Amino acid sequence: MIRIWKFQISLLAIFLVAVFLEVTIIPSFWAPLRVDFFIGMIIGQVIFVQFSQGLSFVVVATLLLQAFSGARLGLIPLIYIAIFLAVDLLKNVIYLENVFTQALLGIIFFWGITSAIALITGSHLLEEMNISLIAGLVLTGLITPVMASVVGRLQAAYEAYES
């Protein structure tokens, strides 16, 4: 039981570092650029962690994101929990441990999040920021397998530690 808590706390620390990178470092290079590290963590959760542990992590992490995002109440958790459930359904259909599949899913889900937020808020985000949106899609696709691998390595380390 202690291993589960240590694992979840370690994931939360990695998540906070990823959020720090998303909010401070990346926009300092190019202000309109957005890269979503959390999609890769969600895919890693579905692949390597039990459903209940993965869902609880996604819920807690998205509540933290919601607190600092300024978005409508419940919008961020709704979107990311929907992504978690969609990926969990997809794991029975496609092989998620393939790096190219993870990258493609990262691109698709990032596009879906951006489109959903633009639709809900009524903004013309997709028309105004084409270059930064494409760069964000590509970078999210590249970082998604890395983040999924981090979750897998962390899970393996804590399983080996417990043995």
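The model is predicted, and local features need pLDDT of at least 70, side-chain atom pairs count only at pLDDT 80 or more, and totals for chains, interfaces and linings use all residues. Residues are numbered from 1 along each chain as its sequence is written, and side-chain values use heavy atoms, with hydrogens and water left out.

R72 is located in the loop between α3 and α4; helices (H or I, at least four residues) and strands (E, at least two) are DSSP runs, numbered from the N terminus. With a relative accessible area of 54%, R72 is exposed; the classes are buried under 20% relative accessible area, exposed over 50%, and partly exposed in between (1.4 Å probe, protein chains only). A separation of 9.7 Å is found between the C-alpha atoms of R72 and I120, which are 48 residues apart along the chain.

I120 also takes part in the packing of α4 on α5, in which L75, I79, Y80, I83, A86, V87 and L90 of α4 meet L105, F109, I113, I117 and I120 of α5. The residues of this contact comprise 12 nonpolar, no polar and no charged. In this classification, Ala, Val, Leu, Ile, Met, Phe, Trp, Tyr, Cys and Pro count as nonpolar, Asp, Glu, Lys and Arg as charged, and the others, Gly among them, as polar. Helix α4 (residues 75-90) and helix α5 (residues 99-121) pack at an angle of about 145°, and their axes are 11 Å apart. Axes are lines fitted to C-alpha atoms, for helices over the stretch in contact, and angles run from 0 to 180 degrees between N-to-C directions. The crossing of the two helices is right-handed, meaning that the near helix is turned clockwise from the far one by less than a right angle.

In α4, the buried residues are L75, I76, P77, I79, Y80, I83, F84, V87 and D88. The cover over these buried residues includes α2, α3 and α5. The 16 residues of α4 should span 22 Å at 1.5 Å a residue, and the end C-alpha atoms are 22 Å apart, in agreement; the expected span is 1.5 Å times one less than the number of residues.

For α5, the 23 residues should span 33 Å at 1.5 Å a residue, which agrees with the 33 Å between its end C-alpha atoms. The buried residues of α5 are T101, Q102, A103, L105, G106, F109, F110, I113, T114 and A118. At the start of this helix, a side-chain oxygen of N98 comes to within 3.1 Å of the backbone nitrogen of F100. After α5 comes G122, whose phi is positive, near 75°. W111 belongs to α5 and is partly exposed, at a relative accessible area of 40%. Between W111 and V23, which are 88 residues apart in sequence, the C-alpha to C-alpha distance is 19 Å. G112 also lies in α5 and counts as partly exposed at 34% relative accessibility. The C-alpha atoms of G112 and T24, again 88 residues apart along the chain, are separated by 23 Å.

Helix α2 (residues 38-48) is largely enclosed by the rest of the structure, because 10 of its 11 residues are buried. These buried residues are F38, I39, G40, M41, I42, I43, G44, Q45, V46 and I47. I47 has a relative accessible area of 18% and is therefore buried. Leaving aside residues up to four places away in sequence, I47 touches L96, E97 and Q102. The C-alpha atoms of I47 and E97 are separated by 7.1 Å, although the two residues are 50 residues apart along the chain.

Q45, one of the buried residues of α2, is in turn touched by Q53, which also touches I4 and Q8, not counting residues up to four places away in sequence. Q53 is placed in helix α3 (residues 51-69) and, at 11% relative accessibility, counts as buried.

Definitions and conventions. Contact = heavy atoms within 4.5 Å. Polar contact = N/O pair within 3.5 Å; in protein donor to acceptor, adjacent residues only side chain to side chain.
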